[in-house]
Amino acid sequence: VAAVSAARMPFAAPGAGALLGRVIAAGRLVASADPRIVSTAEHVVVTMPAGDGTWASSGPDAMARALAGCAGQFRDGQVLIVRSGVAPGSTAQLEKMVAERGLDMDVAFCPDHGAGEPAMAGLAGAPQVVASRTARGMERAGRLLRMLTPTLLPMPPEEAELARLFANVWRYLSAAAANQMYMMASDRGLDFERIRRCLALADPGGASLPPAGFAAGPWLLGDMMRLAAASAGFPLGQAAVAVNESLPGYLVGQLEHRYDLRPLTVGILGMAFRAGTDDIRCSLAYRLRQLLANRAGAVLCTDPLVSADPVLLPLDEVLTRADLLVIGAPHPEYRGLSPRQPVADIWNLLGRGVLA
């Protein structure tokens, strides 16, 4: 709250800093932790933290419970718009909460674009899903979102909830398929990335196969768990979690096969859960660090964006002291590097091969 009030972005979001400065300077944005501010708004837009995914099993009433602290500030005439991914049935639970309070308040589910792209890129011009049980709720939520885009996608709330979950779960499943194939190729001493690129050129269907890499972040894993908790068994999802979560251990095993790690200092470049972010929640780079700490002589970590971890070192120091490097997050800042050390680069960011 203090950072936003001072027109300072509290996390990395390309393009957001300049916009925040403008709206704060114009007096168009006020940040507060006082729940009473909710009563002053016509549109109450709700986002939920992804957390670590563990709360997903609590079911569709999780959001209603989270809003209990400010629900007393709801009033007639407002429209409640949920932007986050939620467990199936969450919109119905919010409708029930509003009805039990006897409020004339519309409820709509208008999800953001999930984990597929940076936050600002998913706003202006991108089609927006609008879901509400009533025509008035659809009209009011749609009127707000038309400020972002002329393209609205009306859906029933239950379908919209699943659509938002399916989007992230499909990304997670696709990543698991790529990572499993990467392991198969690596077990044979072959270059998965070269195979993938040739496949994309030779077969139009192969172009959809993503690169290998750590598939993490709170929303990918969290939405997978939400869908699994709401379904009568989800063996494909369980298998995907097993594949993606095991990749750091597999990579360490590959390194141990090639090198005696005990006397070596290993440097990890990038600790965020994906490129271009400072978010370290659910980052598999930290699992990689923990595994290497038990096997290598020393582990040094760096990240040009992350400021929340006080043990991170400057890039130059890691490059100077490390005997072996691992790309933990494929930040664009690393593309131009020509390190002297061998590099474990699952994404082939440096173009030297996965293990070079």
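I started with strand E2 (residues 79–82) and strand E3, which pair in the parallel sense over four bridges. The model is a predicted one. I looked up Ile81 and found Ala108 as its bridge partner in E3. To get from E2 to E3, I followed the chain through helix H4 (residues 90–100); this β-α-β crossover is right-handed.

Next I checked the side chains of E3 (residues 106–109). Which residues point the one way, and which the other? Asp106 and Ala108 share one direction, while Val107 and Phe109 take the other. I noted that all of them are buried.

Then I turned to the other neighbour. E3 pairs with strand E4 (residues 128–132) in the antiparallel sense, over two bridges. Ala108 comes up again here, with Ser132 as its bridge partner in E4.

I then traced the whole sheet. It is open, has five strands in the order E1-E2-E3-E4-E5, and its pairing is mixed. Why is one side of E1 and of E5 left without a neighbour in the sheet? Strand E1 (43–46) and strand E5 (152–155) stand at the edges and have a single partner strand each, so one side of each has no neighbour there. I recorded an average twist of 25 degrees from one strand to the next.

Last, I looked at the helices on the sheet. H4 packs on it and touches E2 and E3, with its direction at about 165 degrees to that of E3. Helix H5 (residues 135–145) also packs on the sheet, where it touches E1, E2, E3, E4 and E5. I noted about 155 degrees between the direction of H5 and that of E4.

Technical notes. Residues numbered from 1 in each chain as written. Predicted model: local features only at pLDDT ≥ 70, side-chain atom pairs only at ≥ 80, totals over all residues. Heavy atoms only, no water. Buried < 20%, exposed > 50% of the residue type's maximum accessible area, 1.4 Å probe, protein only. Pairing = 2+ DSSP bridges. Right-handed = clockwise from strand over helix to strand, strands pointing away. Axes fitted to C-alpha atoms, helices over the stretch in contact; angles between N-to-C directions. Contact = heavy atoms within 4.5 Å.
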